[in-house]
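Hi everyone, thanks for coming. I'd like to walk you through one structure today, a few spots at a time. Have a look at it first.

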Amino acid sequence: MVTEPVRILVVGGGYVGMYTALRLQRKLKPELRRGTAEIVVISPDPYMTYQPFLPEAAAGSISPRHVVVPLRRVLDKCRVVVGEVRSVDHAKRTASYTTLATEEEGTGPLSLRYDELVLAPGSVSRTLPVPGLADHGIGFKTVEEAIGLRNHVIEQMDIASSTRDPAVRDAALTFVFVGGGYAGVEALGELEDMARYAARYYHNVTAEDMKWILVEASGRILPEVGEEMGRYTVRELRRRNIDVRLETRLDSCEDRVAVLSDGARFPTRTVVWTAGVKPHPLLAATDLPRNDRGRLTCTAHLTVEGAPHAWGAGDAAAVPDVTSEEPGKECAPNAQHAVRQARLLGDNIAASLRKRPLQEYRHKYVGSVASLGLHKGVAHVYGRKLKGYPAWFMHRVYHLSRVPTVNRKSRVLAEWTLSGLFKREIVSLGSLEHPRAEFELAAGGERPKGS
């Protein structure tokens, strides 16, 4: 048993961070009660975002507050610090971090000593030096971006409905999505479905007036569901008049014109960038070993190779896939692996503190599910291929079973039930992005420029 006070530092409040801390506070309940162990979670946000629900939140099927899980509520035995870890010196067992009060205090970054480190900052959007992307691109990785994109799409429909300029109208009703992975395809499918429904309430905007374009650099989309289901998805999207362009890149989006590598040019006010992710920059500010892709080099026990008392999992970690016959293969950086790795990670840390043997992470990838809008989807699970309504239903059942806490499961299920009984909400709350705009205008300021 643990006989000396031990501080476990969990960096990140995403899948791995939250689930690991949740597992640890259950496994180390006696130690936490006696004060011989302490769990500190440092996260930039006070909540964990269940990212598979972001497309439905953007489409209005789920309330944004039900897509996130408050860390302080579920991690009631942990010390939750809202802040950002800036660097880690594992040789000295110290982490440098800032909080919301650091800048106000003017004291600079704080330092925290630890005994065990769980480094799980996750990933960030992988961007390319595309001219105009930083000025006009919209991400789709956080709940704020999802709700902002929903408001933006409805706002563009309002602009198109009220303008007399054909060029402005055309640009407002053209939506370009870059990236054919889960995030891009699901976001496009849900938002196109939502906009098609919303168009019936506009007297001069129809679904046929809108252009939806999916740009993918490779020759296929949704590689996780298999080649056959990927081809079906392309056919399904094109049947909905969505322009799917494979083996095509976005070369520029300056001056609100999307220029593609195949020579096509689309005046547009909406460029959504979902072209993959990369490891969090924090990993480069540590003295821990990384592979050529910048991820932590980990063992099958989820320890960082060559760094005792350091642990990793999820997007930030390169964990060997011991179930694969292919030598050197690593577990895919997805939610399915992250949640399972986090639970084992909590068990292994508790076992390590109690001088017990560690377990290897073993989980054979069972398949994938993807939503393409209301009652539409694709799935490849346990070798079975599903499409249409059955795949969409499986998508909802699977993610409802995986979203954390009974509270969230109940709320999401209630919203789905109500959405089946009543019409969709098509209101744009664009003022959420500038909540002080009206007051600033009344006080003599200027109204912020719209997107």
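Predicted model: local features only at pLDDT ≥ 70, side-chain atom pairs only at ≥ 80, totals over all residues.

Let me start with a question: is Arg93 buried, partly exposed or exposed? Keep that in mind for a second.

Okay, the answer. Arg93 has a relative accessible area of 21%, so it counts as partly exposed. You'll find Arg93 in the loop between strand 5 (79–89) and strand 6 (94–99). Its backbone has something to look at too: phi is positive, about 55 degrees, although Arg93 is not a glycine.

Step along to Thr94 and you're in strand 6. Thr94 has a relative accessible area of 17%, and since buried means under 20%, Thr94 goes down as buried. What does Thr94 touch, not counting residues up to four places away in sequence? There's Val88 and Asp89, and then Ser111, Leu112, Arg113 and Tyr114.

Now here's another positive phi. Leu302 isn't a glycine either, and its phi is near 75 degrees. Leu302 also sits in a loop, the one between strand 19 (296–297) and strand 20 (310–312). How accessible is Leu302? Its relative accessible area is 0%, so Leu302 is buried.

Let's move on to helices. When two helices pack, we describe them by the angle between their axes and the distance between the axes. Take helix 1 (residues 15–27) and helix 11 (residues 335–353). They pack at an angle of about 35 degrees, and their axes are 8 Å apart. If you're wondering about the handedness, the crossing of helix 1 and helix 11 is right-handed. On the helix 1 side, the residues making the contact include Tyr15, Tyr19 and Leu24. From helix 11, Ala338, Ala342 and Ile349 are among those taking part.

The second pair is helix 7 (residues 143–162) with helix 9 (residues 182–198). Here the angle is about 35 degrees and the axes are 11 Å apart. Helix 7 passes helix 9 in a right-handed crossing. So who meets whom? Helix 7 brings Leu149, Arg150, Val153, Ile154 and Met157, and helix 9 brings Leu191, Met194, Ala195 and Ala198.

Let's zoom in on Val153, in helix 7. With a relative accessibility of 1%, Val153 counts as buried. Leaving out residues up to four places away in sequence, Val153 touches Met194 and Ala195, plus Phe175 and Trp212. There's also a distance you can check on screen: from C-alpha to C-alpha, Val153 and Thr174 are 9.8 Å apart, and in sequence they're 21 residues apart.

Next topic, salt bridges. How many does a search of the whole structure find? It finds 20. I'll show you some of them.

First up, Arg396 with Glu56, where the closest N and O atoms are 2.9 Å apart. Arg396 lies in helix 12 and Glu56 in helix 3 (residues 54–59), so this pair ties together parts that are 340 residues apart in sequence. And both Arg396 and Glu56 are buried.

Then we've got Arg240 and Glu192, whose side chains meet in a salt bridge at 2.8 Å, N to O. This pair also links distant parts of the chain: Arg240 is in the loop between helix 10 (227–239) and strand 13 (242–245), Glu192 is in helix 9, and they're 48 residues apart. Are these two buried or exposed? Arg240 is buried, with a relative accessible area of 7%. Glu192 counts as buried as well, at 3%.

Now look at Glu360 and Arg362, which form a salt bridge at 3.3 Å, N to O. Glu360 is partly exposed, at 35% relative accessibility. Arg362, at 55%, counts as exposed. And salt bridges can share partners: that's how Arg7, Glu38 and Arg79 are joined into one network.

Last stop, the surface. Which residues make a nonpolar patch of about 300 Å²? They're Tyr389, Phe393 and Val397. Tyr389 has a relative accessible area of 45%, so it's partly exposed.

How values were computed. Residues numbered from 1 in each chain as written. Heavy atoms only, no water. Patch = residues over 30% accessible without salt bridge, like charges linked within 9 Å, V, L, I, M, F, W, Y side chains within 5 Å. Areas by Shrake-Rupley, 256 points an atom, 1.4 Å probe, with all protein chains shown as cover. Salt bridge = Lys/Arg side-chain N within 4 Å of Asp/Glu carboxyl O. Buried < 20%, exposed > 50% of the residue type's maximum accessible area, 1.4 Å probe, protein only. Axes fitted to C-alpha atoms, helices over the stretch in contact; angles between N-to-C directions. Helix = DSSP H or I, 4+ residues; strand = E, 2+ residues; numbered from the N terminus. Left-handed = near helix turned anticlockwise from the far one by under 90°. Contact = heavy atoms within 4.5 Å.
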